[in-house]
Structures are given as structure tokens and as C-alpha cells.
Amino acid sequence: MTERTDAIVIGAGHNGLVCAAYLARAGIKVVCLEAAEAAGGMSAPRAIGGKYHFSGLAHAAYPISRAMRRDLKLDQFGYAAGPAIDTVALDADGRHLIIGTNRVSGDGLEETDREAYPEFKKQYLAFTRALRPLFDNKPPRLKNMQVADTMTLGKLGWNVRLGLGRESMYEFLRVAAINIYDVLDELFADERLKGAIAADAVMGSAMGPRSPGTILTWLQRLQGELNGPLSLQSGDRLQLVQALVRSAEDAGATIRHNAHVARILVDNGKASGVELSNGEVLNARIVVSNADARATLSTLVGAPLLDAMFANRVSQIRGSGVVAKLHLALSGMPKFTGLSEKQLGHRLLVAPSMKYIERAFNHCKYGEYSEQPVLDIVIPSMHNDALAPDGHHVMSVNIAYVPYDLEGGWENQKQPVADKVIAQLGQYSPNLKSLLVEHELLTPRDIEEQYRAVQGHWHHGELSIHQSFMMRPLHGAAQYDTPIEKLFLCGAGCHPGGGLTGLPGRNAARRILELGAAK
Amino acid sequence: MKIDREHFRQSLQRTPFHDRFDEKSTSEEWMVWNTYKVARVVDKLSTEYFAVRSGCAVMDLTPMEKYRITGKDARAFLDRLVTRDISRLRPGRVTYVVWCNDEGKLIDDGTLFQLGDNDYRLCVQHHQLDWLLISATGFDVHIELETHEVAALAVQGPTSYAVLAAAGIADLEGLKPFDAVALRLKDIPVLVSRTGYTGDLGYELWMEPSHALQVWDAIFGVQGQYDIHAMGLSALEMVRIEAAFIMPGFDFNTAEATVRNGYDRSPYEVGLGWIVHLDKGHFTGRKALEKEHSRPPMRRMEKIVVDGNKPVGEAYIYDGKNGKRCGEVKCGTWSPILKANLALADIEYRNGRLPTDLWARIEYQRELKWRSAWAACEVRSKPFYDPEHRRATPPARI
């Protein structure tokens with residue numbers, strides 16, 4: 001049986017849903033195919049032991065932009081940013097720092113640092129704002145530039161020169177491509193503070209604070225903060241995914257679950273539909289893939305249908321996951337030395353200094369996991385009782401750095417990694433181990449398998465300079481269209497990259513509509 | 001592969017036939033071809049030229065780059081590599097192919113031999129391993145350079161069939177153009193293909209290096225009955241222009257080595273549009289070539305006969321005598337057999353059309369003094385020299 005629709009979106013991750021919703025709202029008949037049982041991709045709900053609920057991989061995120069909320073009527077469909085949370089930079093001696101969007105406090109913090117922090121945030125948010133035209137639009141093509149591209153670059157130039165002002169522009173140009181280690185060292189004295197900021201700049205990337213380009217990844221992350229403070233993605237409601245599903249369906253899109261796309265059908269250089277792994281064929285005017293660009297082009301399309309150099313460049317896209325996820329089911333509330341019960345609702349960070357992060361990173365370069373990893377922890381049940389049985393709690397931990405390709409293989413090393421992290425958590429929370437009911441560790445390999453992200457990379461490819469903007473995911477496919485006519489990309493592998501922003505999905509939809517491709 | 005650690009002591013490699021060429025060389029005109037020392041001229045250019053056109057000439061082909069391509073996806077890999085539809089290629093057959101980069105610009109040409117199931121040999125003028133490996137991404141294919149493991153000899157000219165038969169190669173008579181079969185010369189296994197770069201009847205012999213001299217000696221063993229000459233690359237250059245065969249790297253710049261914008265060429269532009277099959281399925285550069293094909297031609301390599309007998313050398317071509325410059329000669333020769341001044345020239349089209357009144361401005365010397373002269377050019381659509389006897393099977397035993 002073959003069916004025909006206007007557009008097929010592969011993957012109901014949030015970018016796929018955003019893209020589907022935008023397309024559907026423009027009157028295009030959309031079918032969104034999700035391989036898993038539930039929509040949401042990396043932020044789809046997940047449970048262990050049947051009664052402990054988590055939000056997949058994404059446990060904290062920034063709010064969705066006002067424009068997208070308005071365009072897709074997300075608020076009307078139940079979207080609200082999760083509870084705003086601060087960051088607690090954990091200290092082994094209990095002298096923790098509490099870091100908010102524009103204030104920092106804590107034991108032993110020097111006055112100069114306390115005053116410098118809001119200034120720093122102000123300046124970097126200004127840089128981020130200046131970059132906004134670049135993130136909000138398709139990356140400009142440098143050759144055969146279109147009017148829209150000239151506008152984007154014009155706005156960017158205007159923002160950088162006039163929006164920032166002369167002094168700030170010089171500073172921006174100085175730091176834009178360098179590493180966050182040097183910059184933070186110039187500005188702050190407190191190791192805990194520097195560690196906490198640097199951890200956010202590198203989390204999810206195969207980079208340490210001293211890697212070039214870590215200011216760029218930090219600015220990329222700060223894009224979200226322009227929409228509001230960091231907020232918890234709590235596990236049962238998953239309002240964003242739900243609102244996106246409702247918005248897309250309200251506009252007429254169909255979302256099919258357990259529909260695993262085996263290949264993209266290409267007819268004489270044009271995408272004509274997809275074939276599911278059960279053999280079912282669906283035809284469409286266009287195919288939009290929210291899957292990793294490597295998986296889309298190398299596997300779903302395949303090298304034989306691509307030009308040689310392009311296929312080769314696809315195979316060279318860098319992006320090997322370095323973050324594992326640990327889910328803990330706890331029979332009671334964990335106690336953290338030096339933290340009040342209320343403070344347990346914040347994000348807790350084990351990244352006591354930039355050197356600590358850099359050392360943790362060293363291991364993964366050699367295919368080893370870090371003995372002293374960076375940990376990014378939330379306890380969603382502090383905000384939402386429904387996530388665990390009465391009195392019980394769930395804890396979600398991002399662990400960096402854990403390599404995709406572990407020396408000696410993953411078969412026998414998953415448990416030791418989980419045990420070590422649990423023991424490490426025990427240094428901050430003495431009662432944690434006694435509360436442990438159950439746990440689940442997702443290594444980058446598991447993430448690849450379960451979330452179909454090549455090599456388990458959160459962002460479908462490193463957010464390095466050579467894979468950003470008009471080079472993301474690679475040149476020849478950086479404006480969301482690909483060398484295969486009628487095949488588009490809309491995932492995190494595209495500009496402006498990963499994170500729960502929906503921007504790649506929205507930019508892709510706008511590009512498709514601008515090209516009139518689905519008509 | 002065994003690496004000869006002393007290789008650096010010898011700046012140029014010697015082919016397995018080197019000793020024989022060395023014995024015959026009176027001119028001592030050597031040149032470098034793909035790290036090998038080969039003859040430019042062995043004895044006299046005119047003797048070698050006329051041997052190809054009216055007798056039999058033997059040339060060393062060993063330096064040709066040869067790649068063995070095997071594996072489950074070998075066919076699919078080659079199909080995606082080359083512009084030509086090779087679906088009818090089968091074991092025992094050879095086909096002439098070109099390949100392009102993603103932008104549809106020519107990288108190189110070569111002859112593709114199908115030796116068996118999933119077993120191919122690609123013979124190329126220039127080193128191509130890097131491009132082949134780039135193209136191999138996503139294919140289950142094994143590519144091996146076998147240039148140094150296969151000795152090769154071209155035996156070309158109207159009497160080449162008679163010579164090889166007399167030398168002891170059995171079962172040669174049924175070999176059609178672009179056939180390639182494993183035969184024996186006495187008891188020596190030799191792969192014989194009816195291929196060549198001369199535009200005449202001719203064969204290419206592929207063998208193990210250890211058999212090279214025996215094969216050579218068997219051929220030259222019948223020299224008493226036939227006019228056989230060892231030939232260098234200078235004579236080959238003359239005859240290949242007569243046959244209007246283009247040479248990558250000389251007549252056009254190969255794409256992946258081109259730095260300047262617009263200096264590379266597409267198959268259409270060098271007159272090889274006849275082996276671009278846009279309907280065959282995907283191949284590298286197809287999209288770009290499709291686009292080019294739908295537009296009026298910008299330029300073409302044209303076969304021109306230039307008036308007079310002054311060799312055209314590196315002349316410009318003009319649209320009308322004293323007119324606007326519209327092209328340049330890429331290679332040219334005086335053809336003794338046609339008594340004509342031949343050239344291949346890269347001509348810019350005007351509004352999609354070939355200018356009708358072409359003139360070459362020839363710079364030449366008289367007793368070391370430079371002069372220039374205008375010569376009218378006549379465009380030919382067919383190869384300059386294409387004798388009937390080239391195609392006959394079995395070939396005439398003359």
C-alpha cells in the first residue's frame with residue numbers, strides 16, 4: 001500500500017515536531033514518523049522500574065523563544081517553561097556556590113568575583129544578542145548569496161558594530177574563537193565559579209575548557225538564556241513535547257509512532273518518499289529528516305546516491321558522544337552536605353575547577369572514562385511528586401566525559417562506571433547509597449542505539465567552528481537542503497545546533513516554505 | 001607490499017623492458033613517466049611514427065597506473081565513479097571511461113577492464129588512488145595499486161595482429177576491439193586486450209614482470225619477417241593527435257589539481273559528452289553535468305586542420321582573421337600520413353555556437369627570428385585518421 005502526502009518528517013524529536021508544526025500551519029500535509037513508541041526524541045519520557053519517571057536525555061533547558069510560542073500557539077497547547085532553577089557548584093567541603101543568571105553567592109566567594117559575575121553575564125548576553133540574526137536564520141551562503149543572506153550578515157554586522165559599541169565589539173572579536181579557560185581566568189579568581197561556567201560551555205562536546213571554540217559553544221548555549229532562565233524538564237508532563245504534538249496535530253499533521261524509517265527513496269536524484277523497516281512505502285513531495293545528518297545521508301540515502309566528495313565529507317563529520325546519563329531511583333530524599341532541602345531543587349554541578357574539567361576530558365581522548373568526571377545533576381522529583389512513588393525521588397545525572405569508543409569495549413565496564421559515579425555522588429550526599437532502589441546508565445553507545453544519534457552525540461555533531469554556521473552539518477547541506485532534491489534536514493546537526501531550542505526545525509521549515517518545495 | 005629500502009639510490013625506476021629499450025636506443029632520449037624511465041625516442045621519430053602507421057610498433061606501457069578493484073560492491077562503486085553507463089560491461093571486455101568531481105569537472109580518463117566477477121582493472125595515465133579511495137566511502141570495495149606488479153606492452157600498427165600471431169600468441173583472430181582475454185604466448189600467460197592509444201589496429205599485452213623479456217624477445221624474434229620497431233612517447237603523441245584522442249593533464253587540467261576558477265573542464269567541454277550517460281543512475285558530478293547539459297555550450301575542444309605547414313605549437317585561435325581571440329591550441333602535430341597540420345583546440349562558443357571563421361595566429365622562427373602568420377582553420381567532426389583496417393575482425397594478416 002502506498003500513500004501520498006506533501007511532506008514526511010523523519011523523527012518526532014522536538015526539532016522534527018517544530019518543523020512539522022510550522023509546515024502544517026502553512027497548509028502543508030505532514031506525516032511525522034517516529035521510530036520510538038513516544039514522540040520527543042531525546043526529551044521523550046522514560047521510566048525505570050515502571051514508576052520512576054525521567055525526561056530522557058534532556059533534563060534541563062531554556063525556555064522556547066517567544067516567537068516560536070506565538071507562531072505555534074504553544075502556550076495555548078499547554079506549554080509553560082519548567083520551574084526556573086539556579087546552579088549549585090558543589091564543593092567537597094560543603095562550601096557550595098549558588099549561581100543564578102546574574103548573581104552568585106556562597107561561602108568564601110571574593111567580593112571582586114561577586115561583582116564581576118553580573119558584568120560578565122551582561123557582556124556575554126550582549127554578544128549573544130548580537131549573534132541572534134545568525135542563529136535565527138538559515139546560515140548565509142557565501143557564494144551566490146541571496147538577499148536574505150545579505151540581510152542576515154547586514155544585521156549581524158550592525159549588531160556587532162553598533163549594537164555592541166566599539167569597546168565591546170573589540171572584546172567580542174578577541175574572544176570569539178578562543179577558549180573559555182583563558183577568558184574566565186582573566187575575569188575571575190574563584191575556581192568553583194570558573195569551573196561551573198566552563199562546565200556549561202563544554203557539556204555535550206568533546207572539548208575541554210582549553211579547547212578552542214569553547215567561547216562559541218558557551219555563546220550558543222546562552223542563546224537559550226535570552227528567552228529566560230534555565231528550567232527543569234520534569235519527567236511526566238514534558239510540556240514542550242506535548243504542546244508541540246498538539247500544535248502539530250491541531251494544524252493537521254499526523255504523527256505516527258513505531259514507524260521506523262529504513263531508507264529514503266530517491267528517484268532520479270529526487271527524494272520521493274520513505275520505506276519503513278516493515279516494508280511499508282510512503283510517498284511525499286518532500287522528505288525532511290530530523291535524524292543525524294550522517295545517518296540521513298550515509299545510511300538512509302546511502303553513498304551510492306551521493307557525489308563522491310560529498311559522501312566522503314559526510315563520513316568525516318565529527319561528533320562522538322562524550323556524555324553518559326545516569327538515572328537513579330531513590331527511596332527517600334538524598335541529603336547533600338551544606339545544602340538545604342530547597343536547594344536540592346536546583347541543578348547541582350560537580351566541576352570544582354576548570355583544571356578538574358580539563359583533566360576529566362583528558363581520559364576520553366584516550367578512550368578511557370574519567371575517574372573524576374564532571375557531573376550535572378537534577379532531582380526533578382523535588383518539583384514534581386508525580387515522578388516517583390510517595391516519598392521517593394528520582395535523580396538524573398549527566399556524566400562527562402564518557403567516551404563512545406571505550407578502550408576494551410562497553411560490555412563489562414558499564415557497571416564499574418555506574419558504581420564509581422554513585423560512589424562519587426556519595427562524597428557529597430552521604431545517605432545516597434542507602435536510598436538507592438534502582439539505577440540505569442546510558443552510555444553514548446546506548447544513546448546511539450536508543451535515540452538513533454550517531455555515536456551517541458547529543459548535538460548530532462560537534463559544535464566546533466568548522467562545523468558551525470554555513471559549515472553545519474557540512475557545506476553543501478548547510479541551508480537545510482541537500483544535494484538530493486526534495487530532501488531536507490531539520491535536526492540538531494543543522495545550524496544553529498543542539499539544545500532544546502527548536503531553531504533548526506523552525507529554520508528548516510522556513511527554508512522549505514521559502515523554496516516552495518512542498519507544493 | 002615489500003618496500004625496497006634502497007629505492008632512493010635509484011632516482012628513476014626501470015621497467016622490466018628497460019634493458020631491451022636500452023640496447024635499441026641510439027638517440028638516448030629518455031623521459032620520466034610516472035617515476036619510470038621511458039624512451040621519448042628510441043631511434044628516429046619518423047621510423048617509429050611510420051612503424052605505427054604502416055608496420056608494427058612496440059611501446060612500453062608499464063608506467064600506466066593500474067588499479068585492481070574487487071569486492072562485493074566493485075560494480076556499484078565503478079558505476080558511481082564513471083560517467084558512462086557500464087551496465088553492459090562483462091568479463092573479457094574493456095571500456096573507455098572518464099570520471100568527474102562533484103562539480104562535474106574531469107579528473108581523468110582510463111580503460112576499465114572487467115577481468116571476472118567483481119574483478120576489475122582500471123588503467124590510468126595519472127595517479128588516482130586518492131580519488132578512488134575518496135569515492136570508496138560507503139562501498140564494500142577493495143582497491144589495490146598494481147602498477148608495479150603488472151608489466152604492459154603496446155603492440156600497435158596494421159601488422160600488429162600478424163606479428164603477434166607469428167610470435168606465437170594463439171587464438172588471437174577472434175579478438176574484437178575492446179575484448180580482453182587471457183591467452184598464451186607459447187606457454188607464457190598473457191592478458192591480451194585489443195585496445196590502444198594510436199587509432200590503428202593494435203593490442204596491449206599485460207603480464208607478470210618476470211615474463212616481460214620473454215614476451216619481448218618472442219615479438220622481436222619475428223622481426224625478420226615483419227617491420228617491427230620499438231617506439232617512444234614522441235611518436236605516440238603524433239598518432240594520438242591524428243586519432244583525436246585527448247590527454248588529461250595536457251589537453252585539459254585535471255579538476256582536483258586545478259586551483260584557478262574556471263580552468264578545469266567538463267566531459268562535454270572536451271568532446272567526451274558521448275560517454276556521459278545522464279540516464280544511467282547516479283554518478284559523481286551528475287547533477288552538475290545535468291545542469292551544464294541543459295544550457296548552451298560555453299566551449300568545446302575542437303579538431304582543427306590548420307592551413308599551411310607551420311606547426312601550430314602554442315597558438316591562439318581567433319574568431320575571424322584579426323578578429324576576437326576565442327580559443328587556444330592544446331596540442332598539435334604535423335601529420336605525415338595525412339600531410340596536414342592537425343590540432344585540438346579549446347574554443348569558446350559565442351551564444352552557444354561555434355564561431356564559423358576560425359584563424360590561428362602562429363608564432364614561428366626563421367633563423368632564430370620570430371615571425372607570426374595567420375592560418376585558416378577548418379573544423380572536423382570526425383577523428384583525423386581512422387582507418388577501416390582498425391576495426392576488422394579477424395584483422396588482415398599482412
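This is a predicted model: local features need pLDDT of at least 70, side-chain atom pairs count only at pLDDT 80 or more; totals for chains, interfaces and linings use all residues.

## Overall form of chain B

Among the contacts in chain B between residues at least 6 apart in sequence, 68% join residues that are at least 24 apart. The secondary structure of this chain comes to eight helices and 20 strands, and 45% of the 398 residues of chain B count as buried.

Along its principal axes, the C-alpha trace of chain B spans about 65 × 55 × 45 Å. The radius of gyration of chain B is 22 Å, which agrees with the value near 21 Å that a compact globule of 398 residues would have.

## Strand pairing in chain A

In chain A, strand E12 (residues 270-276) and strand E13 (residues 281-289) run antiparallel and are joined by three bridges. Within this pairing, Gly273(A) has Asn283(A) of E13(A) as its bridge partner. The two strands, E12(A) and E13(A), form a hairpin with four residues between them, and in the turn Gly279(A) has a positive phi of about 95 degrees.

E13(A) is also joined by three bridges to strand E19 (residues 487-489) of chain A, and here the two strands run parallel. In this second pairing, Val288(A) stands opposite Phe488(A) of E19(A).

## A helix crossing in chain A

Helix H1 (residues 14-25) and helix H16 (residues 503-515) of chain A have axes that come within 7 Å and cross at roughly 35 degrees, and the crossing of H1(A) and H16(A) is right-handed. On the side of H1(A), the contact is made by Asn15(A), Gly16(A), Val18(A), Cys19(A), Tyr22(A) and Leu23(A). H16(A) contributes Pro504(A), Gly505(A), Arg506(A), Ala508(A), Ala509(A) and Ile512(A) to this contact. By class, the contact of H1(A) with H16(A) has eight nonpolar, three polar and one charged residues.

## Cis peptide bonds

In chain A, the peptide bond that joins Arg472(A) and Pro473(A) is cis, with omega about -5 degrees.

Pro394(B) is found in the segment after strand E20 (369-380) of chain B.

Arg452(A) is a residue other than glycine with a positive phi, near 55 degrees, and it lies in the loop between H15 and E19 of chain A. Is the position of Arg452(A) buried or exposed? Arg452(A) counts as buried because 20 other C-beta atoms lie within 10 Å, and the cut-off for this class is 20 or more.

Lys186(B) likewise is not a glycine, and its phi is positive, at about 55 degrees. Lys186(B) lies in the loop between strand E11 (180-185) and strand E12 (188-193) of chain B. Lys186(B) has 12 C-beta neighbours inside 10 Å and therefore counts as exposed, given that the class takes in residues with 12 or fewer.

Key:
Residues are numbered from 1 along each chain as its sequence is written. Chains are lettered from A and ligands numbered from 1 in the order in which they are written. Two strands pair if DSSP finds at least two bridges between them. Axes are lines fitted to C-alpha atoms, for helices over the stretch in contact, and angles run from 0 to 180 degrees between N-to-C directions. A crossing is left-handed if the near helix is turned anticlockwise from the far one by less than a right angle, and right-handed if clockwise. Two residues are in contact if their C-beta atoms, placed from the backbone, lie within 7 Å. Ala, Val, Leu, Ile, Met, Phe, Trp, Tyr, Cys and Pro count as nonpolar, Asp, Glu, Lys and Arg as charged, and the others, Gly among them, as polar. The radius of gyration is taken over C-alpha atoms; the globule rule is 2.2 Å times the number of residues to the power 0.38.
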